[in-house]
Amino acid sequence: MRAYYFDNVPCDQRLAHEPVPSRPVSADTLAQMGVLTWHIPVAGYEDKVDEVARERGYKNRDTINVSREGMGEAYEAKIRGFFEEHMHEDEEIRYILSGSGFFDVRETPSDAWIRVAVQPGDLLVLPAGIYHRFTLDERDNIKALRLFQDEPKWIPHARSSATDINDHRVGYLRAIGVGA
Ligand code: KMT
Ligand code: NI
């Protein structure tokens, strides 16, 4: 999947926000940040996704449909919430079934946003403790599998001085060899 530095232009979050010229970010660079990516074509995806899930211990899953039709009244609030910078104490794992969108992940220590453009067939793992956010693009819909190890724990912790010293945040920085 394609990734590049976000342009920081303050306008519609749904636009690509890709600078000209682009500043691409490779899968290796993402992996060094603990962000893992695979591409598994949607046609016949089940076995391959099951294999990754088995290897990484993702025992449970559900489907999320982010669109006006899929979410009804909760839509606007959900969209705002997804785009607020936050971290989780568990991995965030998404396999895109249809539609598209952008996951923005914070590079540390630069604090730059890197935008990851996801499309059908993309499997993305965000490590526990990474600061990130999500937005739909102009097509306004995405359907994804959400995988998780045990019980779903979707609690978003908004970035603050408290999350900066959260054990999972500190563990993340240590794992990627930055800071503490
Ligand atoms: C999340 O937690 O940010 C989401 O589930 C976003 C929609 S899934 C592509
Ligand atoms: Ni999240």
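1. A word on classes to start: Ala, Val, Leu, Ile, Met, Phe, Trp, Tyr, Cys and Pro count as nonpolar, Asp, Glu, Lys and Arg as charged, and the others, Gly among them, as polar. With that in hand, the shell around ligand 1 has 6 nonpolar, 1 polar and 2 charged residues.

2. Please keep in mind that this is a predicted model, where local features need pLDDT of at least 70, side-chain atom pairs count only at pLDDT 80 or more, and totals for chains, interfaces and linings use all residues. Residues are numbered from 1 along each chain as its sequence is written, while chains are lettered from A and ligands numbered from 1 in the order in which they are written.

3. Back to the ligand: the residues around ligand 1 (C-beta atom, placed from the backbone, within 6 Å of it) include Glu-92, Arg-94 and Phe-134.

4. Is His-132 buried or exposed? His-132 is buried because 22 other C-beta atoms lie within 10 Å; the cut-offs are 20 or more for buried, 12 or fewer for exposed, and partly exposed in between, with C-beta atoms placed from the backbone. Glu-92 counts as buried too, with 21 C-beta neighbours inside 10 Å.
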